[in-house]
Amino acid sequence: MAKRKNVLLILADQQRMDTVSAYGLNPVCRTPHLDQLAKEGMKFNNAYTPSAICGPARASLMTGLYPHKHGVIDNATQLHDDIPLLGDCMHEAGYYCGYAGKWHVTPHKTPEECGFDEGKPFMGYGFPGSRLFPSLKFDAPPRNTPNYYAEYLKENGFENIDVSHGFMGDNPNLQIQEMFCKHEGPVESTIEYFVAHETNRLIDQAKNQDKPFFIWANFWGPHSPSIVPEPYYSMYDPNDIPEHPSYRDEMLDKPYGYQLNRKMWGLDSGGWKNFQEIAARYYGHCTMIDDMVGMMVDKLKAEGLYDDTIIIYSADHGDNMGAHGLIEKGAFTFDEIYHIPMVVKGAGTKDNDSFVYLHEIMPTILDVAGVKPPKPVDGESILPLMMGQESNGRTEVFGEYHNHFYIGRQRMVRDHDYQFTFNNSEKGELYDLKKDPYQMHNVCYDPAYADVKKKYLDIMSKYMKELNDPVSTWFHRIRDFY
């Protein structure tokens, strides 16, 4: 049998597709190492997350399933026990499996309990800088395991690191999470450097094994708070960041929850200038992560493993970052949070326009290992597309949301022409993407779009039935009145 490839899966958290400069969509943010991987390999231009919430998306990647099937429907619920997991499957296929960084797949199982040989995860919500940086208000430290980042700082003489310039909105009821801070220490003392350092340690461990490896590296960022040191903190001039075309959306034709979410963050009073300040640090965070990717690539090259390793870079979801006046993610199906980057090196050299899903990484990596998922999954291996197959024949994508800040079962279908969103107990949304690419004008109740609406209600019905979606009963009872 031919030698099986190693796999390095790198997952960012909350990184918008347009911040990977290889896509050519953002003239400001720079990611030269990812650009080089895309140049040597390929990128997917239409990759989507099944759910734009951290835990559900990561559990989907681990299982190949939609959230309503694997059980992680928000950032606190648990993974069902009877579902095959990517780590277990790769371990059984004879791979050395290592894990580094943010976990957030399920709160009751560690990576070691999911098939990984070793690693130093951030468990729970898992922000390892909480309670370490004296001036940081964000308080969500790792749970149920040691804080390995704290141990790293101590072992390397980086104790007493602090942050400054913490920035929050002006909602007096939400003075608990900074949007960004300046990290007052060297790059080597940052969380992202620790993840890259730990990944490189796992590469060393893997090289000593007489078998291929699967290593999953998970950055915290650029998820807020973007805590970055110089030169990244001042790398981008806020004034160079143009106003997002949808920023001034008053959202009067959208579900009321969208407006509440926008008000909650308390960023409106400063206007677009607030988002320029946040985005400048977010972009710096993206470039710092890109440099950490370069650090991993250099390690693979130094160890003679680069040519035998498939590198997959993606994100669990994106960030509104000012689109519709919103920040982060939540109960809205805008492209800025569902459309994700996906760059692949080592499995082909032709970019692909097919609709693909984040959770299809699971059967894809198993395909690299020469095995199939033990049980059916929601999707298929995209390895043939990586290797040059032109299309998978998929004409649309389906996404779901259950709970984040507030409960609101939400479903979305999207193709290149229209996007339809079903909001369980709120008004629906229909966007004509050719005329309205930034989803400003909801035409769901415009009589001129009645036939279009019916078409996408039918498409959604098809997905709900095929996926045994628990929302299906309610949807089909009210669809004629929706």
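# A chat about a predicted model

Q: Which strands make up the open sheet, and in what order?
A: This is a predicted model. In this model, strands S13, S14, S15 and S16 form an open sheet in the order S13-S14-S15-S16, and the pairing is antiparallel.

Q: Which strands stand at the edges?
A: Strand S13 (397-404) and strand S16 (429-432) do. Each has a single partner strand, so one side of each has no neighbour in the sheet.

Q: How many degrees does the twist average?
A: From one strand to the next, the twist averages 15 degrees.

Q: Staying there, how many bridges join S14 to S15?
A: Five bridges join strand S14 (residues 406-414) to strand S15 (residues 418-423), and the two run antiparallel. As for a residue in that region, Gln410 stands opposite Asn423 in S15.

Q: New topic, helix H5. Which of its residues are buried?
A: In helix H5 (residues 148-155) the buried residues are Tyr148, Tyr149, Tyr152 and Leu153. They cover an arc of only 145 degrees around the axis, which puts them on the same side of H5.

Q: Why would residues a few places apart point the same way?
A: An α-helix has 3.6 residues a turn, so residues three or four places apart point the same way.

Q: What covers the buried residues of H5?
A: The cover includes strand S4 (118-122), strand S6 (180-183) and helix H6 (191-207).

Q: And which exposed residues are on the face turned away?
A: Lys154 and Glu155 are the exposed residues on the face of H5 turned away from its buried side.

Q: What caps the N-terminal end of H5, and what follows the helix?
A: Asn147 caps the N-terminal end, with a side-chain oxygen 3.2 Å from the backbone nitrogen of Tyr149. H5 is followed by Gly157, whose phi is positive, near 70 degrees.

Q: How many aromatic pairs does the count come to?
A: The count comes to 37 aromatic pairs. In one of them, Tyr66 and Tyr357 have ring centres 5.9 Å apart and planes at 75 degrees, so the pair is edge-to-face.

Q: Where do Tyr66 and Tyr357 lie?
A: Tyr66 is in the loop between H2 and helix H3 (67-70), while Tyr357 is in strand S12 (residues 352-357). They are 291 residues apart, and the pair links distant parts of the chain.

Q: Buried or exposed?
A: Tyr66 is buried, with a relative accessible area of 3%. Tyr357 is buried as well, with a relative accessible area of 3%.

Q: What about Phe332 and Phe334?
A: Their ring centres are 6.1 Å apart and the planes are at 20 degrees, so that pair is stacked. Both Phe332 and Phe334 are buried.

Q: Switching to Gln15. Where is it?
A: Gln15 lies in the loop between strand S1 (6-13) and helix H1 (32-40). Gln15 is buried, with a relative accessible area of 0%.

Q: What polar contacts does its side chain make?
A: A polar contact of 3.1 Å joins the side chains of Gln15 and Thr19. The side chain of Gln15 also makes a polar contact with the side chain of Tyr313, at 2.5 Å.

Q: And which residues does Gln15 touch?
A: Not counting residues up to four places away in sequence, the ones touched by Gln15 include Pro222, Tyr282, Cys286 and His317.

Q: Last one, Ala52. Which residues is it in contact with?
A: Leaving aside neighbours within four places in sequence, Ala52 is in contact with His317, Lys329, Gly330, Ile337 and Tyr338. At 1% relative accessibility, Ala52 counts as buried.

How values were computed: Residues are numbered from 1 along each chain as its sequence is written. This is a predicted model: local features need pLDDT of at least 70, side-chain atom pairs count only at pLDDT 80 or more; totals for chains, interfaces and linings use all residues. Side-chain values use heavy atoms; hydrogens and water are left out. Two strands pair if DSSP finds at least two bridges between them. Helices (H or I, at least four residues) and strands (E, at least two) are DSSP runs, numbered from the N terminus. Axes are lines fitted to C-alpha atoms, for helices over the stretch in contact, and angles run from 0 to 180 degrees between N-to-C directions. Buried means under 20% relative accessible area, exposed over 50%, partly exposed in between (1.4 Å probe, protein chains only). Contact means heavy atoms within 4.5 Å. The arc is that of the directions from the helix axis to the C-beta atoms. A polar contact is a pair of N or O atoms within 3.5 Å; within protein, one must be able to donate a hydrogen and the other to accept it, and residues adjacent in sequence count only if both atoms are side-chain atoms. Rings of Phe, Tyr and Trp (its six-membered ring) pair if their centres lie within 6.5 Å; planes under 30 degrees apart count as stacked, over 60 as edge-to-face and the rest as tilted.
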